[in-house]
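Hello,

Please find the structure we spoke about below.

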Amino acid sequence: MKYFGLYNYWVFTLLLMIGLYAVIAKANLVKKLLGLSIFQSAVFLLYISMAKVDGGTAPIIQHADEPQVFSNPLPHVLILTAIVVGISTIALGLAIVVRIREEYGTIEENEIQARDRDR
Amino acid sequence: MWTAQLPALVIAGPPAAAPVAARRPGASWSWAFAALASAASFAIAMLLALAATEVTAISYAVGSWPPPFGIELRITGFSALLMLIITGASTIALVGGKASLDSDIAPARRHYFYAAWLLAVGGLVGIVASGDAFNIFVFMEVSSLATYILIAAGGNPRALPAVFKYLVMGTIGATFYLIGIGLIYLMTGTLNLVDMETRIHDVTDLKPIYAAVGFVTLGLVLKAGVFPLHVWLPNAYAWSPHVVTAFIAACSTKVSLYVLLRFDFMVFQGSLGGHDLQFAGFLMPLAVLGILVASAVAMTEGHLKRMLAYSSIAQIGYIVLGASLMSVSGLTAGIVHMFNHALAKGTMFLAIAFIATRLTALRLDDIAGIGRRMPWTLGAFLVAAMSLIGLPGTAGFISKWYLVLAALQSGAVGALLVAVVLVSSLMAVYYIWRVVEAAWSSTPGAEAAGAREVPLPMLAVLWTAALASIWFGLQPGLPLALSRSAATYLLGQLQ
Amino acid sequence: MIVDVISFVLLALGAFFVFMGGLGALRLPDLYTRMHAASLTDSLGTILTLGGIMLQSGWSLATVKLLTILFFLMMTGPTASYALANAALLSRDDDAPALPPATGGRE
Amino acid sequence: MITAFGFVLLTLLVVTAVAIVVTPNLFVAVMLMSIFSLLMAATFFLLDAADVALTEAAIGAGMSTILFLGALALMGEREAKQAGRQRWLPLAVIALTAFTVIYATFDKPRLGDPAAPVHQHVAPWYLEQTPVLMEVSNVVTAVLAGFRAYDTLGEVLVILTAGIGVMLILANGRPDLSRQGRASASVGLRHHLIPRVVGQLLIPFIVLFGLYLQFHGEFGPGGGFQAGAIIAVGIVLHALLEGEAAGRAILPTPVLVGLMTGGALLFCAVGFAGMLLGGNFLDYAVLAANPVAGQQLGIHLVEAGVGITVTGTLVAAFHAFADREPAA
C-alpha cells in the first residue's frame, strides 16, 4: 500500500511534466490545449489521492448506525469544481482556436507569428 | 441588520445581473443595465469601504455556516480599496466608453459582451472579498475567463493569438496556485485563510509547505504580469477593444497582486522563518529589472497602446518594489500606488478610446496633430500622464514620495532604489513627451486632420477621472488611510 | 461452490476472448479484418464476463444492473462497429494504396 | 489485487499522455485524450471518489471529446512538423517544476494514512454533521450544494461565462449558418438506418439516466453536473443522428441561452431568498419551517440550477462549433 501511495505522486509528477511540456514546446494550438488538459488532470489526481483513507469507502452514509471509514469528501468537492472549470477553459480556448484558423489560415504558433509580422 | 448583508450584496450583485444582461438582445438596453449594475456595486463598495475603516475586518459567513466549515467573506481595508478600484473603473469605463464600445463591438455580440463584463466585475470582486483559498481560485477563473472574452470581443484579429497566449499562461498560473493550496491543505486540513494562518504554525518546516509557497507565489506572479512573466500582457492590452483595455489595465493585474500580498504576508510570513527575506530577495530584483526594462521598451515602442502596456508592466514593478521593502511605509506606498496607477492608467486608456473613435490606427505617426483637433481629450490624457510620471500635486507623486521615503529607511540598497525610481520617472517623461510631440505636431496625419472633439458628456466623464488624479494628489486622505490600514494589517502578522 | 467454478470459467473465457480480440486488432492486416476481430470477440467476451459476475452477485439489485449494462452493450457495440465500417467504406480513397500497414497506430 | 489494478491504470495514464503528446495526428490525439479521461475516471473510482469519477467520465471523456472533435472538423487534423523550435526553455521550466514537486513529496503523509492532517480538521466535521443537519446520505453532495454552495455558485458562473464566451467569439466573423445548416452536417446519419434506430432508442434512456442522477444525487453518486453533462450528451446525440438543423429545431438558441442563464438565476435567487427570509446569502435553513427540510429544499433547487445551466451551456457550445462551415 505504501508503494502504491508513492506511485500516485510519481504519476502526478510525470503527468504534470508531460502536460507542461506539450503546452510550452508544441507549436500546434490544439496540442497546447490537450497539454493543458493533461496538466490540469494531474492536479485532479493529486487532490483525489490525498483524500484516500485506508479501508475507506466513498463518502456516502447509507447506515448511520454502523461505524464505517469514509474517504475525505472535501477534495472530491473541490475537484468536481475544478473539472468543470477545466472544460470551460478548454471550450473557450477551442472557440478562440477556431477563430484563429479562420483569420490566419493556420493553427501553428510560429506561422501565426510570421503572419503577424507581415501585417 | 441591513448593513450586515452588504458583503453578500457586493459579491452577488454583478453575477446575478449578468444572466439578465445575456438574456435580452438589444444593444442600448444591455449597456444601460450593465452600467446601472456596475454603478450600484460601486455605491455598495463605497458603503463597505466606510464600514471597513472602522474595524479590522468584516467577516460574513455564506450560508450561515461558521468558518472554517463554510466559506467566509472577509472584507478588510485592503479588499475595500480594491473593490473601489474595480467597481469604479468598471463604471467610469462603461459610462464614458459607450461610443467607443458601440463602434468596437458588433451588435450581435453586445448582450453577451455586457454579460461577460458583469461576470468579470463579479469575479474580481469575488476574489478580493473572499476569505477562502479555494474560493479565490474559483472566482479567479470566473474573472479570467470573462476577461479573455472581453479581450477577444472586438473585431481585431490580432487580439485572437494574444488572448490565446493569455488563456494558456493564465490557466498555468491558476493551476500552479491550485497545486499550492492543495499542498497547504494536505498539511493543514483547512482552506480558510485565517484558519490556515494559525494551523500552518505546526507544519512550518515541512517541505510541502515550502513547495506550496513556491507554487502560489509563481502562479500569482504569472497572473499579475510581473516582469519576466509579463509576455502575455502587451499584446492582450494592445489589441483588445479600447474601453476593455481601460478597465483591465486599471484592475485585473492588481487583483492578482492583492492575492499575492494576502498570501505571502498573512499566511506565509507569519509562520515561515526567513520567508520575508526570501520574498524580498526574489521579488525586489524582478521589480527593479521590470521597472527599468519595461520603461526602456516603452521609450522605443511606436504603438500608443503597447507603449502604455509596457508602462503598466513598469508600474506593476513599483507596486512589487514597495511590497518587497517589508515595511509599513513601503507596503503603504505599493498599495496606494495600486489605486493611483489605476486612476491614471484608466484615464489614459479611456482617452485613447476616445481618440480611437476618430482614428483607425494608433501608432505615434498616425496620431500626429490630433492634439490640435481634440485638445480636451488630450488635455485629460496629459493630466493623467503627469500623475503617472509623479509630478508634485498629482496622485502619482504621493505614491512615489512614500516609496522613496520607504526606500531611504531600508538601509544600504535604499539609495540605489531611489535612483531607480528617479531614472524611471525620467524615462516616463521621455515616452510621454514622445506622445505630446506627435499629438501637437504641426503636420497632421490624413485622418487626424478631419477629427472632431468628442461630445461634452464623454468629456465630462473623462475629466472627472482626470481631475480625480489631482484631487487625490492634494487630498490623499481616503486611499492613504485604507492603504495604511491594509499595510499594518498585512504586517501585523510579522510582529 | 459449483457456482463459483462456473463463474470462474466464464470469467476466464471472457478474458481470453477479449484478449484475442485485442491481439487481432493489433496484428491483422487491414481495417476491416481488425474490426472483425475486435467487435465479434468483444461481444462474446462481454457476455461471458458479465455472466460470470452475475453468478457471483446472485439474485440481487446488482444483477439487474448488470443485465441492463449487458443490454446496452449488446445494443451499442455492434452499432458502433457498423457505423465505423460504414464510415471507412464511405471515406475510402480509391487511388490510395489498399490499406495502411498493421502497425497499430493509425486506423 | 485492487492495488495492482490501480498500478496498471496509473501506468497506462502515463503511457497515454505520452502518446497524446507524440502523435502528429490531432484526431488520434483527441481520441487518446478521451481514453485518458476514462482511465482517470477509473482511477478516481478506485480512490473512492465515485462522484468525481462519474463527472470525469461524463465531462472529460464525453463532452470534452465532442467539443474537440467539433473544433477539429473546422481545421486540419495534421500537426505540422516542427523545425527550429528552441528546446531548452520548456525543458528548463519542466525540470524546475518537477524538482519542486518531488521536493514536496518528502514529508508528505503516506497515501491513505488516516492520521494525516488532511483528514483531521474540517473533513470529519462534514462527515459527522451531514446526517444530523441535512439528513442527506451523500456527503459530497451536501458539501457541494450545502456547506460550500458559494463555490458551486462560482462554478456555475464559470460555466455560464464559458457558454457566453463561446457564443460571443463564434458569433461573427463568418456568416452564421444556423438557418440552412451545413450541407454535410444537416443530413446527419439519417440515411444510415441502424445507427439511427439504435441511437433514437438510446436517447430516452440517456436522458432518463441523467434525470435519475439529478434527483438521486442526495443518496448516491450524482448531482447537477453529472446530470447536466449526460442530458447534454443525449441531446447532442440527437443532433448528430438527425442533422444539425433538426438538432437546432428542438432547442433553438434563445431557449439554450434561457437555460444557461435561467439556471444561474435560479441559483442566485435561492441565495437572495435566504437573505430576504432573514438568514445570510445562500442560507437554506430559513427556506422552510424546519431547518433540515429547508436544507434539503435548498440543495434540490441549487442542484437543479446547476443541471440546467450545464445542459444549456454544453449543448450551446456544441451547436456553436457544429454550425460553422470549415475554413478553406
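**Chain D against chain A**

In this interface, 97 residues of chain D are in contact with 81 residues of chain A. Bear in mind throughout that the model is predicted. Between them, chain D and chain A bury about 8000 Å², and carbon and sulfur atoms account for 77% of that area. The size of an interface is often given in this way, as the accessible area lost when the parts come together.

Two salt bridges are counted between chain D and chain A. Polar contacts across the interface of these two chains come to eleven residue pairs, with both residues at pLDDT 80 or more. The side of chain D that touches chain A is made up of 62 nonpolar, 20 polar and 15 charged residues.

**Salt bridges**

Over all chains, the structure holds 13 salt bridges. One of the pairs to look at is D:Asp48 with A:Lys52. D:Asp48 lies in the loop between helix 2 (26–46) and helix 3 (50–72) of chain D, and A:Lys52 lies in the loop between helix 2 (29–51) and helix 3 (73–104) of chain A, so this pair joins two chains. The closest N and O atoms of D:Asp48 and A:Lys52 are 3.1 Å apart. In general, side chains of opposite charge can pair when their charged atoms come close.

Are the two partners buried or exposed? D:Asp48 has a relative accessible area of 9%, so it counts as buried. A:Lys52 is buried as well, at 10%.

A second salt bridge lies within chain B, where B:Arg74 pairs with B:Glu72 and the closest N and O atoms are 3.0 Å apart. B:Arg74 is buried with a relative accessible area of 18%, and B:Glu72 is buried at 4% relative accessibility.

Chain B also has a salt bridge between B:Glu197 and B:Arg262, with the closest N and O atoms 3.9 Å apart. This pair links distant parts of the chain: B:Glu197 belongs to helix 8 (residues 193–199) of chain B and B:Arg262 to helix 11 (residues 242–268) of chain B, the two being 65 residues apart. Both B:Glu197 and B:Arg262 are buried.

There is also a network to note. A:Arg99, A:Glu102, A:Glu103 and D:Arg324 are joined into one network by salt bridges that share partners.

**Chain B against chain A**

Here 27 residues of chain B are in contact with 35 residues of chain A. The area buried between chain B and chain A is about 2800 Å², with 83% of it from carbon and sulfur atoms.

How many salt bridges cross the interface of chain B and chain A? The rule finds zero. It does find four residue pairs in polar contact across the interface of chain B and chain A, both residues of each pair at pLDDT 80 or more.

On the side of chain B that touches chain A, the elements giving two or more residues are helix 6 (133–152) and helix 7 (159–188) of chain B. Helix 7 of chain B supplies the largest share of that side, 16 residues. By class, the residues of that side divide into 21 nonpolar, three polar and three charged.

**A loop residue in chain B**

B:Thr394 sits in the loop between helix 16 (375–389) and helix 17 (395–409) of chain B. Its relative accessible area is 4%, so B:Thr394 is buried. Which residues does B:Thr394 touch, not counting those up to four places away in sequence? They are B:Met386, B:Ser387, B:Ser469, B:Ile470 and B:Gly473.

**Chain C**

Chain C has three helices and zero strands, in the pattern α-α-α along the sequence. Of its 107 residues, 22% count as buried. Chain C exposes about 7100 Å², and carbon and sulfur atoms supply 75% of this area. Taking the contacts in chain C between residues at least 6 apart in sequence, 70% join residues at least 24 apart.

Regards

Terms used
Residues numbered from 1 in each chain as written. Chains lettered and ligands numbered in written order. Heavy atoms only, no water. Helix = DSSP H or I, 4+ residues; strand = E, 2+ residues; numbered from the N terminus. Buried < 20%, exposed > 50% of the residue type's maximum accessible area, 1.4 Å probe, protein only. Contact = heavy atoms within 4.5 Å. Areas by Shrake-Rupley, 256 points an atom, 1.4 Å probe, with all protein chains shown as cover. Buried area = accessible area lost by both parts, 1.4 Å probe. Salt bridge = Lys/Arg side-chain N within 4 Å of Asp/Glu carboxyl O. Polar contact = N/O pair within 3.5 Å; in protein donor to acceptor, adjacent residues only side chain to side chain. Nonpolar A, V, L, I, M, F, W, Y, C, P; charged D, E, K, R; others polar.
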